[in-house]
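Welcome, and thanks for opening your viewer. Let's take a short walk through this model, one selection at a time.

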Amino acid sequence: MQEPTTLPTARPAGRPFNPPAELAGLRAERPLRRMSYPDGHEGWLATGYDVVRAVLADPRFSSRYELMHFPFPEQEIPDGFTAPLGDLTGIDPPEHTRYRKLLAGRFTVRRMRLLTARVEEVTARQLDVLAEHGPPADLVAMSAQPVPALLICELLGVPYADHELFQRHTATLVSMDSSAEEKGAAINDLYGYLHELVIAKQVTPTDDVLSDLTRSDLTDGELAGIGVFLLGAGLDTTASMLALGTFALLCEPAQFAALRDDPERAVEELLRYLTVGHTGVRAALEDVELAGETIRAGESVTLALQAADRDPSRFPDPDVLDVRRQASGHLAFGHGAHQCLGQQLARVELRVAFPALAERFPTLRLAVDPAEVPMRGNANIHGVHRLPVTWDR
Ligand code: HEM
C-alpha cells in the first residue's frame with residue numbers, strides 16, 4: 001500500500017520560477033499517487049503530463065466545487081461551497097455548456113487578433129507612463145496590472161469614465177496587500193456596478209461582450225456574475241504572466257534578446273515554463289482506471305499543472321527556459337472542456353508586451369537583486385508582488 005504524500009508547495013530557494021523540487025521526484029516515482037488532503041480526505045496527486053491531461057479531458061471527473069477536497073491548507077473553503085453565479089470553472093455540463101457556448105464566440109482567435117492594434121496602443125501608452133515616471137519603477141503597478149485591466153474593461157464595455165473606479169477595485173483584487181475584507185468589498189462593489197451596467201446596456205447596447213450577451217437568455221444576475229468572473233479569470237493570470245515573464249527574461253538576457261525573433265513561439269515557452277495557474281482539482285464521479293490505479297467515485301485528484309509542464313517525457317530539459325523550443329501542448333491554459341476561454345486574448349497581450357518592452361527599454365534590468373523581488377508565496381496564481389526595474393535614460 002502506498003504511503004500518501006501531501007502536496008509540496010515550497011519553491012526551491014533561489015529558483016523562483018521552478019515548481020517545488022519534490023514534485024519532480026514524485027512524478028518520476030509515480031505520475032499518479034495517493035495524497036492526503038488538509039481536511040483529512042485521502043485522494044490523489046497527478047504530476048505526469050499524460051495523466052494530468054487525461055484527467056482534464058475526461059468527463060468522468062467533475063469541476064463542481066462542492067464535490068472537491070482542496071489541497072491547500074490556507075484555502076478555507078466552507079463545506080458545500082458552490083460556484084457563484086457566472087463562475088464557469090466550478091460547474092459541469094449542462095450548465096457549463098450553456099455559458100461556454102454563449103461566451104466562446106466572443107473570444108475566438110480571429111476576434112482576438114482583430115484586437116491586436118488596440119492591444120499595441122494600450123501597451124504603448126502604459127510604457128509611456130513608465131518612461132515618464134522614470135527609473136526605478138514598479139513594472140507591476142505601471143504596466144503588468146493596468147494593461148490587462150484596461151483591455152478587459154474595453155472588452156466588457158465599461159465606459160471610459162468608469163475606468164478609474166474599475167481599476168481601483170481590480171487593483172485591490174490582485175494586490176497581496178489587500179485584506180480578505182477589502183477584496184470581498186471590492187467584489188461586491190464590482191458586482192453591483194456590473195449589475196447596473198448590464199441594465200444600462202439592455203436599454204442602450206454598445207459594441208462589446210456584455211451588450212451582446214444581453215440579447216441572450218442569461219438573467220441580469222448571471223450577466224453581472226459572468227462579468228466579475230471574467231475579470232477574476234483574466235486579470236491576475238495575465239498580470240502575473242507579464243510580470244513573472246519579464247522577471248524570468250531579465251534573469252536571462254540572451255533569452256530576452258532571442259524572444260524578438262519569434263514572439264509567438266517564445267510566449268508559449270514562457271507560459272509552459274512559468275505555468276502561473278499551477279494547480280487544479282477534479283472529483284471523480286465514478287470509479288476510473290488510470291495509469292494502473294483505480295480512482296474511486298468521490299475521490300479528489302489534485303492536478304499539478306506546473307509539474308506536468310516540466311515533465312521530461314513531454315518537454316526535454318524541462319527546467320531550461322528556451323524561447324526557441326516548440327512548447328505547444330503545454331497545460332498552462334488547462335485542457336478539455338474548461339480550457340481557458342481567454343487564452344487568445346492573453347496570447348495577444350503577451351506577444352505584444354514582451355517585444356514592446358524590449359524595444360522601448362533596451363537597457364531594462366532589475367533594480368534589485370533577484371532574491372529581493374517579493375514573490376507571492378503560496379498564492380493560487382504564481383507571481384510577484386512588485387517588480388522593481390531600472391534602465392538608462
Ligand atoms: C496568461 C493568462 C491566463 C492563464 C495562465 C489562464 C489560465 C487558465 C486556466 C489554467 C484555466 C482552466 C481552469 C480549470 O480547468 O479549472 C482557465 C480558465 C478560464 N480562463 Fe483563463 N487564463 C489566462 C487568461 C485569461 C483571460 C485574459 C481571460 C478572459 C478574459 C480568461 C478567462 C478564463 C475563463 C472564462 C475560464 C473558465 C473556462 C471554463 O471553465 O470553461 N483567462 N484559465
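In which loop does Ala291 lie? Select Ala291 and you will land in the loop between strand E6 (288–290) and strand E7 (293–295); helices (H or I, at least four residues) and strands (E, at least two) are DSSP runs, numbered from the N terminus. Ala291 has a positive phi of about 50°, although it is not a glycine. Ala291 is partly exposed, at 49% relative accessible area; buried means under 20%, exposed over 50% and partly exposed in between, with a 1.4 Å probe and protein chains only.

A word on the ground rules: this is a predicted model, where local features need pLDDT of at least 70, side-chain atom pairs count only at pLDDT 80 or more, and totals for chains, interfaces and linings use all residues. Residues are numbered from 1 along each chain as its sequence is written, and side-chain values use heavy atoms, with hydrogens and water left out.

Next, pick Asp317, in the loop between H14 and H15. Asp317 also is not a glycine, yet has a positive phi of about 45°, and at 57% relative accessibility Asp317 counts as exposed.

Now go to Cys340, in the loop between helix H14 (305–308) and helix H15 (343–360). The SG atom of Cys340 is the only protein donor of the ligand's iron atom, at 2.3 Å; donors are N, O and S atoms within 2.8 Å of the metal (3.2 Å for Na, K and Ca), and sites may look incomplete because water is not among the atoms.

Show the shell around the ligand. Of its 26 residues, those coming nearest are His96, Arg100, Arg282, His338 and Cys340; a residue belongs here if one of its heavy atoms lies within 4 Å. A side-chain N or O atom of His96 is 2.6 Å from a ligand oxygen, and one of Arg282 is 2.9 Å from a ligand oxygen. H11 gives the largest share of the shell, seven residues.

Then colour the largest nonpolar core, which has 46 residues, with Leu103 and Phe166 making the most contacts inside it. Such a core is a set of buried Ala, Val, Leu, Ile, Met, Phe, Trp, Tyr and Cys residues joined through side-chain atoms within 4.5 Å. A second, separate core of 45 residues includes Met241, Ala266, Phe361 and Leu387.

Finish at two proline pairs. The Pro93 to Pro94 peptide bond is cis, with omega near 5°, and another cis bond joins Pro135 and Pro136, with omega about -10°.

Technical notes
Polar contact = N/O pair within 3.5 Å; in protein donor to acceptor, adjacent residues only side chain to side chain.
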